[in-house]
Amino acid sequence: MVQRVLLTGANGFIGSHILSVLLSKGFSVRSVVRSQAKLDQMRKDFPDYSNSQLDFALVPNITAPGAYEKAVMSTPPFDTVIHAASPFLYRIVNDNSEFLVPALNGTKEILKAVKALAPSVTRVIITGSCAAVVDHSSETAKPATAESKKYTEDDWNPDSWETAMAGTLNVAYRASKTFAEKAAWDFLETEKPNFDLVVLNPPMVYGPIRHSVPSPKELNESTARIYTLFIEAKADDELPPNGMPSYVDVRDLADAHCLAATTPAASNTRMIICGGRASSQDISDALRENIPELRARTPKGLPGGNPLAKNAYSCSSERAQKVLGLKFRSREETFVGLARQLLDLEAKSAA
Ligand code: NAP
């Protein structure tokens, strides 16, 4: 039987890949977006699917009480809900609460609406983040000689709401993912809904873009990092700092969402979805070796050198590999394809 899925954040970098995988596997999907303009763009991005396989709901403000009431009601009814919408664009956020409130209240609103109005839903899948797993303050304070920690699903970002409101935007984003995920697990325990829960926690997500992006200025946060630091640069520039050492390919993450919708054993699990680790030098080497045009642009660093620090953490994907049978693409597939696409986008938007 065809599965019917409600997907939020469908027009974003990750959401559009999730949608693409679901549609290619024959699922029927209602995509939630927040404006008519975004809906129109999505129709253009997915022209091959009829209304019976791909329809849309407009939810202008995900934090408004009752925001999802109309979206969750459908004939045929939904089996699964995938909630990927959450703010992650630093350039449009002015205040820490703009990360925290939509992440937390958006999650609570969709869970409330599903429980009250969509009793056919048996599973809710949330796009979480390793931001909710890693203890960043302890990582920053670690001496260079300390051992590397391997994070697992037992770990939680310990930041409080107060720390998050008073801290940097980074602290607020990471806490937004933490509080949203905790609220979902709390909901399950206190409200005892018909559905079970799966939370997928990726580190940085890279790889090709599936949604329409008019210019490099409008890239999503993680892709913009690759463009700004590795492409809009010069070979002699200083190598960018390593940032989060772990990453996953967006296509592998999308596959994980699809598998989570169809794997009974995923019930009520939190799963880290991490494809590997990469230093800035690793990314630079992959781009410079494979794309001649980037040899004059991507910071050169010390080819083959500059490994991650000895104390740089890692994130274990053992559970996802075991439960979902997930496999991961190579580093080259992730970064080289994306960089080629970014060069094309740059050329098109300059024309
Ligand atoms: P993205 O391209 O910016 O997509 C975010 C999606 O969420 C868009 O559909 C966006 O809608 C929607 N959204 C954001 N703020 C919203 C708000 N206040 N109200 C309603 N909708 C809102 O980012 P992404 O990288 O695909 O992120 C998708 C999910 O993955 C997020 O939950 C993010 O936390 C998580 N994640 C991302 C990464 C990464 O490296 N990219 C890593 C770990 C976890 P609009 O287009 O209307 O803004």
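Predicted model: local features only at pLDDT ≥ 70, side-chain atom pairs only at ≥ 80, totals over all residues.
How are H7 and H9 oriented to each other, roughly parallel or roughly perpendicular?

View 1. Residues are numbered from 1 along each chain as its sequence is written, and side-chain values use heavy atoms, with hydrogens and water left out. The axes of H7 and helix H9 (residues 280–290) come within 11 Å and cross at roughly 75 degrees, and H7 and H9 are therefore roughly perpendicular to each other. Here axes are lines fitted to C-alpha atoms, for helices over the stretch in contact, with angles running from 0 to 180 degrees between N-to-C directions, and 65 to 115 degrees counts as roughly perpendicular, under 35 as roughly parallel, over 145 as roughly antiparallel and the rest as oblique. Helices (H or I, at least four residues) and strands (E, at least two) are DSSP runs numbered from the N terminus. From H7, Arg 225, Ile 226 and Phe 230 make the contact with Ser 280, Ile 283, Ser 284 and Leu 287 of H9, where contact means heavy atoms within 4.5 Å.

**View 2. Helix H7 against helix H11.** The axes of helix H7 (residues 221–231) and helix H11 (residues 331–350) come within 11 Å and cross at roughly 80 degrees, so H7 and H11 are also roughly perpendicular to each other. On the H7 side the residues are Thr 223, Ile 226, Tyr 227 and Ile 231, which meet Phe 335, Leu 338, Ala 339, Leu 342, Leu 343 and Glu 346 in H11.

View 3. Oxygen atoms of the ligand lie 2.9 Å from a backbone N or O atom of Phe 13, 2.8 Å from an N or O atom in the side chain of Lys 177, and 2.8 Å from a polar backbone atom of Val 205.

**View 4. Two backbone features in loops.** The peptide bond from Thr 75 to Pro 76 is cis, with omega near -5 degrees, and Pro 76 sits in the loop between strand E3 (54–58) and strand E4 (80–83). Lys 192, although not a glycine, has a positive phi of about 45 degrees, and its place is in the loop between H6 and strand E7 (196–201).

Terms used: Polar contact = N/O pair within 3.5 Å; in protein donor to acceptor, adjacent residues only side chain to side chain.
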